Amino acid sequence: MSEWLSPLVEMGVLTPGLVELLGIGGPVVAILLVFSMVAVTLIVGKSLQLFLATWQSKTKVSDSLSLWRDGQVRDAHSLLMTCQQPVPALVASAMASVMRHGDAPLVREELARQASRHLASLKSYLKPLEVIATLSPLLGLLGTVMGMILAFQQMEAAGNQVDPSVLSGGIWQALLTTAAGLIVAIPVVMLHSYLERKTDRLVDEMEDALTAVFTGPLVGNTSGAVNVSEPAANPLNARYERRGHAA
């Protein structure tokens, strides 16, 4: 394995110590190294996605809803028209639909469809992180079991001339894979939980903003006519039910 990885050492991608670790741990440690690189890429991508999705969006939505409640429906909608972030874009679409069609069932159905699309985008990257967090310690345990098997095979082959150093050396090499699996899994579990909670908060903001649009005093047409209706159910609840996320 060291010969295969020597070009990466020359390019500075891997250090000699890491190459030695891969040589001791074998293919299991190599797989865990790939897992760690994939996890870092996903965490960076997800963090950037959430940052762009939330940057000043809460302030914009709050200002727009204030105008909406004050009866300045066109100004409220115009404030969010150019926003591409999930929450402002969905609220702007809700305002436009309510001004054009009022509080109609088809309006809620269309908003539920748009909300489902935004929710799918917001929850991307989380499942692969969960898979990596689950598989990493299992792979480490598998490597340990394989290493222990090899160590005891060496003891059997040695017969009466068993060298304790052979057994101890095989055991610590085997346990190395378990340690590597935990090193990968623990931070991924923590960061996955953090990113999942941050995503849930963004979904909560989306639900709250949509409810504010439908329960506001203005549910009418583009002429600004007031038509106060009974509070409408949040359209997100029509298609999406949260599945027991941790608080």
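1. Over which residues does pLDDT stay under 50, and how many contacts beyond four places in sequence does the model have for them? This is a predicted model, and the stretch in question is residues 218-235. For that stretch the model has 39 contacts beyond four places in sequence. Residues 238-247 also have a pLDDT below 50. Beyond near neighbours in sequence, residues 238-247 have 18 contacts in the model.

2. Confidence for the protein as a whole comes next. The average pLDDT is 78, and 73% of the residues score at least 70. Taken by element, the highest mean pLDDT is 90, for helix α3 (residues 27-54). The lowest mean is 48, and it belongs to helix α10 (residues 236-239).

3. On overall make-up, the protein contains 10 helices and zero strands. Read from the N terminus, the order of elements is α-α-α-α-α-α-α-α-α-α. Of the 247 residues in the protein, 38% are buried. Among contacts between residues at least 6 apart in sequence, 75% join residues at least 24 apart.

4. The pair α5 and α6 can be described in some detail. Helix α5 covers residues 73-80 and helix α6 covers residues 86-101. Their axes come within 8 Å and cross at roughly 150°. Angles over 145 degrees count as roughly antiparallel, so α5 is roughly antiparallel to α6. The crossing of α5 past α6 is left-handed.

5. Which residues make the contact of α5 with α6? From α5 they are Val 73, Arg 74, Ala 76, His 77 and Leu 80. From α6 they are Pro 88, Val 91, Ala 92, Met 95, Ala 96 and Met 99. By class, the residues of this contact are nine nonpolar, one polar and one charged.

6. Helix α6 also meets helix α4 (residues 57-69), with the two axes coming within 9 Å and crossing at roughly 20°. Angles under 35 degrees count as roughly parallel, and α4 and α6 are therefore roughly parallel to each other. Here too the crossing is described by its hand: α4 passes α6 in a left-handed crossing.

7. On the α4 side, the contact with α6 is made by Ser 57, Val 61, Ser 64, Leu 65 and Trp 68. On the α6 side, Val 87, Pro 88, Val 91, Met 95, Val 98 and Met 99 take part. The contact of α4 with α6 has nine nonpolar residues, two polar ones and no charged ones.

8. Ser 66 is another residue of helix α4. Is Ser 66 buried, partly exposed or exposed? Its relative accessible area is 30%, so Ser 66 is partly exposed. Ser 66 and Ala 76 lie 10 residues apart in sequence, and their C-alpha atoms are 7.8 Å apart in space. Ala 76 belongs to the α5 side of the contact with α6.

9. Most residues other than glycine have a negative phi. Gln 56, in the loop between α3 and α4, has a positive phi near 60° and is not a glycine. At 45% relative accessibility, Gln 56 counts as partly exposed.

10. Where is Tyr 125 found? Tyr 125 sits in the loop between α7 (105-122) and α8 (126-158). Its phi is positive, about 80°, although Tyr 125 is not a glycine. With a relative accessible area of 37%, Tyr 125 is partly exposed.

11. Within helix α8 is Met 146. Met 146 has a relative accessible area of 43% and is partly exposed. Along the chain, Met 146 and Thr 177 are 31 residues apart. The separation of their C-alpha atoms is 9.9 Å.

Terms used:
Residues numbered from 1 in each chain as written. Predicted model: local features only at pLDDT ≥ 70, side-chain atom pairs only at ≥ 80, totals over all residues. Heavy atoms only, no water. pLDDT = per-residue confidence, 0-100. Helix = DSSP H or I, 4+ residues; strand = E, 2+ residues; numbered from the N terminus. Contact = heavy atoms within 4.5 Å. Axes fitted to C-alpha atoms, helices over the stretch in contact; angles between N-to-C directions. Parallel < 35°, antiparallel > 145°, perpendicular 65-115°, else oblique. Left-handed = near helix turned anticlockwise from the far one by under 90°. Nonpolar A, V, L, I, M, F, W, Y, C, P; charged D, E, K, R; others polar. Buried < 20%, exposed > 50% of the residue type's maximum accessible area, 1.4 Å probe, protein only.
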